[in-house]
Amino acid sequence: MRAPRRLDPDRAVEHLPRLYRAGRAWTRSREEAEDLVQDTYARVLARPRFLRGEDELGYLLRALRNTLVSRRRAESRRPQTTPLADEPTGVRSGGDPAEAVESRQVYAAIHELPEEFRDALVAVDIVGLSYGEAARALGVPEGTVTSRLARARDRVAARLDGDQ
């Protein structure tokens, strides 16, 4: 096992796009994903972090997931409110509206997956971790990641075929 090494804040910033995609898959909206990633980085970079035999991306993915779980626990203790409107239908400037709709459908399908399937899919297909890295980040055997990922992909494909 390697000696602990300090998480480099400059290198951690390189992982923002991948973590944002993971956050988008785990949350209900683009804005919530942005807030989740921002909160995660604020917590992680608030004090020195030392990695023990793991890569930065795996550590940050686990920190992102832990931040999400903490948020959901806090939300469950608050009184329930009713949202005023759904997510805006507009797309970012310069984006293809058809791609935006398709992307929204894919993220909605991922969001509906059971948690363990969603975690495997996000780690491998959204963040880009290898099966081994995903297994370490999720704390499960590599074979479990493989089977959960296959089931998650099947369910997302079935959901998207049903939307057509």
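Is D125 buried, partly exposed or exposed? D125 counts as partly exposed, at 36% relative accessibility; the term covers values between buried (under 20% relative accessible area) and exposed (over 50%), computed with a 1.4 Å probe on protein chains only.

The model is predicted: local features need pLDDT of at least 70, side-chain atom pairs count only at pLDDT 80 or more, and totals for chains, interfaces and linings use all residues. Residues are numbered from 1 along each chain as its sequence is written, and side-chain values use heavy atoms, with hydrogens and water left out.

**View 1. Salt bridge between R153 and D125.** The closest N and O atoms are 2.7 Å apart; a salt bridge is a side-chain nitrogen of Lys or Arg within 4 Å of a carboxyl oxygen of Asp or Glu. The pair links distant parts of the chain, with R153 in helix α8 and D125 in helix α6, 28 residues apart. Helices are DSSP runs (H or I, at least four residues) numbered from the N terminus. R153 is partly exposed, at 37%.

**View 2. Salt bridge between R65 and D119.** Here the closest N and O atoms lie 3.3 Å apart. R65 belongs to helix α4 (residues 56–77) and D119 to helix α6 (residues 115–126), 54 residues apart. R65 is buried, with a relative accessible area of 12%, and D119 is buried at 10%.

**View 3. Salt bridge between R159 and E112.** The closest N and O atoms are 2.8 Å apart. R159 sits in helix α8 (residues 142–163) and E112 in the loop between α5 (97–111) and α6, so the pair ties together parts 47 residues apart in sequence. R159 is partly exposed at 28%, whereas E112 is exposed at 54%.

Terms used
Helix = DSSP H or I, 4+ residues; strand = E, 2+ residues; numbered from the N terminus.
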